[in-house]
Amino acid sequence: MQLGMIGLGRMGGNIVRRLMRAGHSCVVYDRSAEATQGLAGEGATASRDLADFVRQLQKPRAVWVMLPAGAITHGTIVELSGLLEPGDILIDGGNSFFHDDVAHADMLKEKGIRYLDVGTSGGVWGLERGYCMMIGGDKAAFEHLDPIFATLAPGRGAIDRTPGRDRRDPRAEQGYLFCGPAGAGHFVKMVHNGIEYGLMQAYAEGFDILRGVNSPAVPENRRYELDVADIAEVWRRGSVVASWLLDLSAIALAEDPELKEFTGRVDDSGEGRWTIQAAIEEAVPAEVLSAALYTRFRSRRDHTFAEKVLSAMRRQFGGHQEAP
């Protein structure tokens, strides 16, 4: 199939590469001519601007917008709404707020343009590992683009099948799922990221406690000089706390057990805040997720080893650099 990709950063560029490796064709556009030409050199079709981009797509067009959430994504969708035609499909694959999806879907529906919101997880590792995708919007558009999603997804791999799933949608086992109407995909991804905050915080605090047991505050006969890099590694092997986040922590700690490269300033990209807002609206207690979010706020004033671990994890899975 053919897909048009707007935004060729860490995720957008690798999505294009993964699709082209499987034989799909891609038309690409980025405000950076260098990024556009770089993908063209790998086999994609470059475009000069959005109008040229749309002209080069076969009907019904499938356009994937992979840009930072907010004004940039909104402006691009508005501009595309004047260029696309009835029957075309527009995808927002970034970390947009699900309220925005509802508004965008309504706006595009008036023009006959079908809308999908795709919560995309996989970070900088997605090219090789594949992307977990949580999808909302037009069900027929989702079915039409199933070959695209199937290619991008990680597949079942070596993960054991969950007992009792025989009559459920097999695509969930492949790593992608249609979640419901417009906004449902990004809502599920939002909560996914809120949970991620809590998991990361638990690991970070645990490693901080392991490191701190050798401090003067502990009686000398109960001080242990523990190797946190080796502990992270042994936990990966058969432990109930094993996970990909632990794998990434182990990588970072093996490179530098002291994490000297990191200050411990931990930013947030919005999804954690939106998850807490949803919890408040639903009157659902979310103590762990709230505490994890507030810890990120505090980290911008006072840093601990735990925050260095958080920052190291963010770089490992998403390529996020610490802000000055």
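Predicted model: local features only at pLDDT ≥ 70, side-chain atom pairs only at ≥ 80, totals over all residues.
Helix H10 (residues 184–212) packs against helix H14 (residues 287–299) at an angle of about 75 degrees, and their axes are 8 Å apart. H10 and H14 are therefore roughly perpendicular to each other.

On the H10 side, the contact is made by Gly 194, Ile 195, Tyr 197, Gly 198, Met 200 and Gln 201, which meet Val 288, Leu 289, Ala 292, Leu 293, Thr 295 and Arg 296 in H14. Sorted by type, the residues of this contact come out as seven nonpolar, four polar and one charged.

## The sheet

Next up is an open sheet of eight strands, with mixed pairing and the order S3-S2-S1-S4-S5-S6-S7-S8. Strand S3 (45–46) and strand S8 (176–180) sit at the edges, each pairing on one side only.

Look at strand S1 (residues 2–6) and you'll find it paired with strand S2 (residues 25–29) in the parallel sense, over five bridges. Here Ile 6 stands opposite Tyr 29 in S2. Helix H5 (residues 98–109) packs on the sheet as well, where it touches strand S5 (89–92) and strand S6 (114–121). The direction of H5 makes about 150 degrees with that of S6.

In soluble globular proteins, nonpolar side chains tend to be buried together. The largest nonpolar core in this model has 31 residues, and the members touching the most others are Met 5, Val 16, Trp 64, Leu 116, Met 133, Ile 135 and Phe 149. Helix H1 (residues 10–21) gives this core its largest share, five residues. There is also a second, separate core of 25 residues, with Tyr 203, Ala 250, Ala 252 and Val 309 among them.

Met 5 is worth a look of its own. Leaving aside residues up to four places away in sequence, Met 5 touches Gly 12, Ile 15, Val 16, Val 27, Val 28, Tyr 29, Phe 53, Trp 64 and Met 66.

Most residues other than glycine have a negative phi, and most peptide bonds are trans. A few spots here go the other way. The peptide bond from Lys 59 to Pro 60 is cis, with omega near -10 degrees, and Pro 60 belongs to the loop between helix H3 (50–55) and strand S4 (62–65).

Leu 259 isn't a glycine, yet has a positive phi of about 50 degrees. You'll find Leu 259 in the loop between helix H12 (244–255) and helix H13 (271–282), buried at a relative accessible area of 2%. Ala 283, not a glycine either, has a positive phi of about 55 degrees. Ala 283 is in the loop between H13 and H14 and counts as exposed, at 66% relative accessibility.

Notes:
Residues numbered from 1 in each chain as written. Heavy atoms only, no water. Axes fitted to C-alpha atoms, helices over the stretch in contact; angles between N-to-C directions. Helix = DSSP H or I, 4+ residues; strand = E, 2+ residues; numbered from the N terminus. Parallel < 35°, antiparallel > 145°, perpendicular 65-115°, else oblique. Contact = heavy atoms within 4.5 Å. Nonpolar A, V, L, I, M, F, W, Y, C, P; charged D, E, K, R; others polar. Core = buried A, V, L, I, M, F, W, Y, C linked by side-chain atoms within 4.5 Å. Buried < 20%, exposed > 50% of the residue type's maximum accessible area, 1.4 Å probe, protein only. Pairing = 2+ DSSP bridges.
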